[in-house]
Amino acid sequence: PKLANYLYLLLKCGVSVAVVTAAGYEYMTEKYEYRLSGLLSFFKEKGLTEQECERFYLFGGECNYLLHLGPDYKMRAAKENGPGGWHTASLNIPEAPRNWDEDDVKSLLDAAEASLTNSKEDQNLKARVIRKRRAVGLVPKPDASIPREALDEAVLRIQAELQQMNAGKGPTLPFCAFNGGRDVWVDAGNKRVGVQILQVYLGIPAAETLHIGDQFLNTGNDFAARAVCPCIWITSPEETTYILKSILRLAGVDYQLPDPTETGKPECSINFSEIQRRTMAVQRMDVYTGEVKEVPTK
């Protein structure tokens, strides 16, 4: 688990780590924990301190739902308002969610829903349109898939249509319309706003922020982050692992996992119960809606 180990070492060294994701389940923390179960289990096994846990964040829905890791290795909603609240910290960021008008959010999502519905019908896609509180998605029906070209077509169409809102001025709040690889989503807000909020909330300047992502085309949701911090464009988890290893190496941190020949442990052990747990988690949870489904027993 090199990637998990490198993230663990960064947290130990005082670095704040945030997963900024389009996945948005509001503040239903158990949904995010499903998606991060392997990483959180690793942190628990390694025994991060409470202070170190506090440096791990997740920003759901691009910039809508901020969570942090608690000392029990469970995700918790970060305080929004009042002293120390992230909404309060982002008061002077005009495009932050705290400053949105809910009527503007509704207008954006109404237009997005209409466009995605038209794309589904025009292209005869085996798909469904999902409406959330701050997002609308075009996702495949069970046991179906949507061709990449159809996903890109839906994104380009909706980007053009949304820019025609308000007499050609575009939406009055930031948004992100992107191809997620298997689906299309339109979110109120984007990762530029999410990164900006984290910088202000954590007191970290842009020059000390690094955003790593794999969606930097104009149909991707990492593209917007380029405006507020240095970015690295990766194409696989292996490349992310290499970047984190390079950071640790340059900082003079020993990043090697223990040698199994020295610890007496086998070089490779397969935890079949963990494999089954992860498989069942995927089967039980609809990653698009967060709905937990019953799995028939054989």
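A residue counts as buried here when its relative accessible area is under 20%. In this predicted model, buried residues make up 45% of the 298 in the chain. The fold comes to 12 helices and 10 strands, and of the contacts with a separation of 6 or more, 59% join residues 24 or more positions apart.

Now for the inside. The largest nonpolar core takes in 36 residues, with Phe59 and Leu138 having the most contacts within it. Strand 2 (56-60), strand 6 (135-140) and helix 9 (191-202) are among the elements that give two or more residues to this core, while helix 7 gives the most, with six. Beyond its sequence neighbours within four places, Phe59 touches residues including Val19, Trp86, Ile197 and Leu198. There is also a second, separate core of 30 residues, which includes Phe56, Tyr65, Tyr255 and Met285.

On the charged side, a search of the whole structure turns up 11 salt bridges. Asp222 pairs with Lys191, with the closest N and O atoms 3.0 Å apart. This pair links distant parts of the chain, since Asp222 sits in the loop between strand 9 (211-213) and strand 10 (231-233) and Lys191 in helix 9, 31 residues apart. Both Asp222 and Lys191 fall under the 20% cut-off, so they are buried.

Elsewhere, Arg131 and Glu113 meet at 2.7 Å, N to O. Arg131 is partly exposed at 35% relative accessibility, as is Glu113 at 28%.

Technical notes
Residues are numbered from 1 along each chain as its sequence is written. This is a predicted model: local features need pLDDT of at least 70, side-chain atom pairs count only at pLDDT 80 or more; totals for chains, interfaces and linings use all residues. Side-chain values use heavy atoms; hydrogens and water are left out. A nonpolar core is a set of buried Ala, Val, Leu, Ile, Met, Phe, Trp, Tyr and Cys residues joined through side-chain atoms within 4.5 Å. Buried means under 20% relative accessible area, exposed over 50%, partly exposed in between (1.4 Å probe, protein chains only). Helices (H or I, at least four residues) and strands (E, at least two) are DSSP runs, numbered from the N terminus. Contact means heavy atoms within 4.5 Å. A salt bridge is a side-chain nitrogen of Lys or Arg within 4 Å of a carboxyl oxygen of Asp or Glu.
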